[in-house]
Protein chains: 2
Amino acid sequence: MSIVTEKLAAINLGLGTFADALRRAGAEVEEIDWRPPGDGDPRLAALLAELTSDDSEPDGPGSRIDRGNGEAVSRIVGAKPMLVDVALHAREIWPERGRCLLHAGAPIAWEAMCGPMQGAAIGAVLYEGWAKTPDEAERLLASGAIPFSPCHHSGAVGPMAGIISPSMPLFVVRNEDRGNFAYTNVNEGIGKVLRFGANDASVVERLKWIQTVLAPALKAALRRIEGGISLKAIQSQALLMGDEVHSRNSAATLLFLNAISVPLLESGIDPRAAAETLRFIGANSQFFLNLSMVSSKVTMDAAHGVAGSSVVTAIARNGVTVGIRVSGLGEHWSEAPADMPVGLFFPGFKQEDANRDLGDSAITETAGFGGFSLAASPALVQLVGGTPEAATGFSREMYEITLAQNPALSLPALDFKGAPTGIDIRKVVDTGIRPVVTTGIAHKVAGIGQIGAGIVRVPMGCFVGALKALAASLGIA
Amino acid sequence: MSIVTEKLAAINLGLGTFADALRRAGAEVEEIDWRPPGDGDPRLAALLAELTSDDSEPDGPGSRIDRGNGEAVSRIVGAKPMLVDVALHAREIWPERGRCLLHAGAPIAWEAMCGPMQGAAIGAVLYEGWAKTPDEAERLLASGAIPFSPCHHSGAVGPMAGIISPSMPLFVVRNEDRGNFAYTNVNEGIGKVLRFGANDASVVERLKWIQTVLAPALKAALRRIEGGISLKAIQSQALLMGDEVHSRNSAATLLFLNAISVPLLESGIDPRAAAETLRFIGANSQFFLNLSMVSSKVTMDAAHGVAGSSVVTAIARNGVTVGIRVSGLGEHWSEAPADMPVGLFFPGFKQEDANRDLGDSAITETAGFGGFSLAASPALVQLVGGTPEAATGFSREMYEITLAQNPALSLPALDFKGAPTGIDIRKVVDTGIRPVVTTGIAHKVAGIGQIGAGIVRVPMGCFVGALKALAASLGIA
């Protein structure tokens with residue numbers, strides 16, 4: 001949709017390909033990010049109108065969705081995620097699962113998995129001792145003997161490949177507001193680590209150390225903290241300290257370290273284990289990432305399952321598709337092919353090496369962090385590219401597709417406005433604005449690891465699919 | 001100086017009183033913050049012209065000042081302040097001083113001291129055991145038996161009242177670039193503390209604990225850190241994490257805690273002392289203030305004493321006057337009556353309770369932190385009042401009166417521009433822009449303590465006086 005003047009200058013509203021064609025013809029083109037309601041599909045626009053509240057129909061589908069969203073948002077804002085325990089092995093939490101591997105994103109079979117997820121699964125098999133060599137592990141996984149299941153189906157989240165195996169320790173988080181629980185594994189650091197698909201001996205050895213030294217130490221420390229550690233308080237403080245608490249957790253990690261260090265010392269554990277634990281956490285500025293994720297997960301799970309609600313309760317990427325879950329749609333996943341993150345790469349790596357968008361960590365965006373709180377983290381642009389002004393712009397844009405400003409999550413650069421929280425799939429389809437996600441970037445080949453960090457958008461297909469499913473669930477064709 | 005249109009609208013350049021008169025006459029007045037060069041004094045304007053470089057006079061006073069400033073700025077930018085030791089008692093550093101008390105700001109006698117400085121001196125006498133009761137301590141101090149001396153005369157700095165007594169432990173900081181040393185005492189926390197003039201039993205008890213538990217613990221930890229802790233690296237990181245490293249040190253304190261905790265655990269000290277030490281630091285977000293001050297002091301001392309330089313190397317307030325020291329003026333203090341800080345007060349206190357501007361902590365501003373880096377700390381406005389936009393505005397303004405952008409001190413909100421560093425007294429007098437300082441606020445009555453935090457400007461008289469002294473030192477009448 002363009003207005004072409006006599007001088008062959010144009011203002012291009014949406015649809016980049018048309019602009020590209022004009023440019024090739026030598027025209028100057030100014031692009032404006034505009035899309036017709038319903039993503040340009042007139043049937044979708046009509047559906048959107050039907051799902052929008054209307055004063056003449058107080059019991060119409062739009063009003064029912066609004067009421068559901070009101071309840072969902074109040075559960076998000078009211079959540080009180082507390083880190084209450086460390087389970088020394090995942091199998092304590094899920095004794096029925098046996099030799100299963102959990103993974104990031106929507107359900108996916110071994111054959112369809114991306115390189116880094118396969119690499120991480122191989123590493124997990126070696127870590128568990130189910131195979132002696134990577135080849136043997138690969139054959140075992142290809143045989144179908146080890147079932148796979150999404151983390152999200154077990155109340156859990158895992159960054160990047162998101163592989164959780166039965167011997168891994170888990171953080172246990174309880175939402176004091178509604179009593180629900182969520183789980184995640186322990187962050188390994190950056191670079192050559194399992195979650196980015198690396199699986200050599202150093203990776204497995206680090207996982208063993210986490211299991212045998214760090215997890216028992218943190219468990220002992222947590223036992224001394226009445227009521228647990230408020231993850232929301234840490235997230236909230238960290239937003240005032242330059243983190244968006246997804247791709248930057250420098251302040252949050254230090255705040256966690258401060259919360260844990262004295263209880264750790266007073267727990268009676270071996271002082272060498274205490275020192276090793278503090279050294280590991282203090283040297284890994286992304287240590288808090290998994291805790292920010294699980295805090296977001298327990299928050300969004302509380303808002304999940306509200307009849308009629310169009311609020312997005314999970315965005316999760318298995319490295320092939322991006323799947324979203326919507327409060328009013330139960331266990332339904334709405335999926336679309338994953339985009340390629342764009343950002344900055346570690347020396348020696350480039351965009352062509354990158355895997356598609358990967359990991360459960362976009363759960364933080366659904367709770368108002370990450371790309372939605374990018375205004376809080378001008379320093380992050382040093383890692384992912386762009387400018388502080390653009391970072392603030394992303395947050396501003398996200399208010400267009402969300403239902404609330406979370407009062408507990410102040411963005412200083414926006415005059416302490418609450419972070420945009422509670423994505424409404426109707427708003428995404430209506431405005432054409434896709435949620436923005438900050439993310440790590442994995443090498444597409446199994447076994448290599450992290451190669452950069454950047455920014456990515458959630459595919460529009462997820463929201464269009466979810467909107468149709470929500471309409472169907474409300475009896476609208 | 002106003003341009004009045006027919007509609008009785010005016011643009012007012014400086015001199016607020018004229019604008020007020022116009023407003024009373026019903027005019028619309030737009031004020032522009034402009035002042036004539038030389039602060040409105042024609043003789044001063046002429047002096048300023050003489051002290052400004054001129055291509056026709058490559059050896060004229062202006063060029064000599066510029067050359068001195070070039071050297072001073074390169075020493076500031078090149079400084080490498082390392083925390084290398086804790087002296088268990090100040091008397092180890094200054095054995096010749098005997099029963100002396102050091103204090104903040106320019107030299108001042110007991111009778112002339114403000115309430116909080118007298119209160120702190122009384123507390124120090126009780127802490128040293130030189131008297132048994134506050135009355136007895138006061139009589140001792142009034143008798144003149146205890147000499148006073150500015151911290152700055154001993155290569156030291158102290159926040160607020162800045163009282164340092166012989167038994168207090170000191171942080172020892174070395175500038176790796178030039179080998180000079182500086183010293184400061186240990187931060188006690190906020191509220192009812194000695195530096196804000198409080199002196200009851202709890203205050204003295206805390207000082208004793210710092211002396212007997214915390215200081216030996218930190219000394220033992222530092223012994224395990226080869227080369228010491230880089231304070232500049234912590235300050236630089238903290239600017240990316242919402243601190244301006246004067247009135248907000250939340251991130252810097254956590255970064256320090258992270259640097260010290262493992263060496264502390266591995267130092268072999270009593271685990272209970274280690275836990276108490278970590279608890280005290282972790283509970284006091286201003287713990288790093290004194291370290292930021294001493295880092296700035298060792299930096300600015302390195303730039304002090306450069307012939308001809310018009311760079312301000314210290315801003316220090318004794319609660320009655322503000323004194324500045326200038327690199328090319330040796331031991332000269334240029335003083336003017338201190339302003340009243342404006343800010344937010346703790347519940348139960350108000351502006352009328354406030355003491356005048358107090359403390360050596362404005363040394364941080366001379367090194368580019370505090371008010372000069374306010375753009376880094378939008379969250380600080382929650383403590384001192386104002387808006388994040390105004391905070392950024394203060395930093396922008398300070399570029400007008402400084403000589404350099406410090407490349408090690410990035411301000412994210414200004415696209416990572418280096419913090420404005422190296423105040424030139426000529427620029428202050430020329431522009432009429434007074435340096436802005438973030439500050440704690442003490443109750444004006446001895447014995448009460450901190451009652452708020454705010455912002456204050458350095459009096460113009462300090463700069464006018466220094467400019468005249470510099471001219472005299474260069475042989476200009």
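Colleague: How many helices and strands are there in chain A?

Modeller: Keep in mind that this is a predicted model. In chain A, the count comes to 16 helices and 19 strands.

Colleague: And why is chain A as compact as a globular protein of that length?

Modeller: The C-alpha trace spans about 75 × 50 × 45 Å along the principal axes of chain A. For 477 residues the globule rule gives 23 Å, and chain A is close to that, so it is as compact as a globular protein of that length, with a radius of gyration of 22 Å.

Colleague: What percentage of the residues in chain A is buried?

Modeller: Here a residue needs 20 or more other C-beta atoms within 10 Å of its own to be buried. Of the 477 residues in chain A, that share is 56%.

Colleague: Over in chain B, where does α7(B) bend?

Modeller: That helix runs over residues 201-223 and reaches 32 Å from first C-alpha to last, close to the expected 33 Å. Its buried residues include V203(B), L207(B) and L214(B), and the buried set packs against β4, α5, α9 and α10 of chain B. The bend is about 40 degrees, and the residue is I210(B).

Colleague: Which element gives the largest share of the side of chain B that touches chain A?

Modeller: In all, 26 residues of chain B contact 26 residues of chain A. Both α9 and α10 of chain B supply at least two residues of that side. The chain B side divides into 17 nonpolar, six polar and three charged residues. The largest share, nine residues, comes from α9(B).

Notes: Residues are numbered from 1 along each chain as its sequence is written. Chains are lettered from A and ligands numbered from 1 in the order in which they are written. This is a predicted model: local features need pLDDT of at least 70, side-chain atom pairs count only at pLDDT 80 or more; totals for chains, interfaces and linings use all residues. Helices (H or I, at least four residues) and strands (E, at least two) are DSSP runs, numbered from the N terminus. The expected span of a helix is 1.5 Å times one less than its number of residues. The bend at a residue is the angle between axes fitted to the seven residues ending there and the seven starting there. A residue is buried if 20 or more other C-beta atoms lie within 10 Å of its own, exposed if 12 or fewer, and partly exposed in between; C-beta atoms are placed from the backbone. Two residues are in contact if their C-beta atoms, placed from the backbone, lie within 7 Å. Ala, Val, Leu, Ile, Met, Phe, Trp, Tyr, Cys and Pro count as nonpolar, Asp, Glu, Lys and Arg as charged, and the others, Gly among them, as polar. The radius of gyration is taken over C-alpha atoms; the globule rule is 2.2 Å times the number of residues to the power 0.38.
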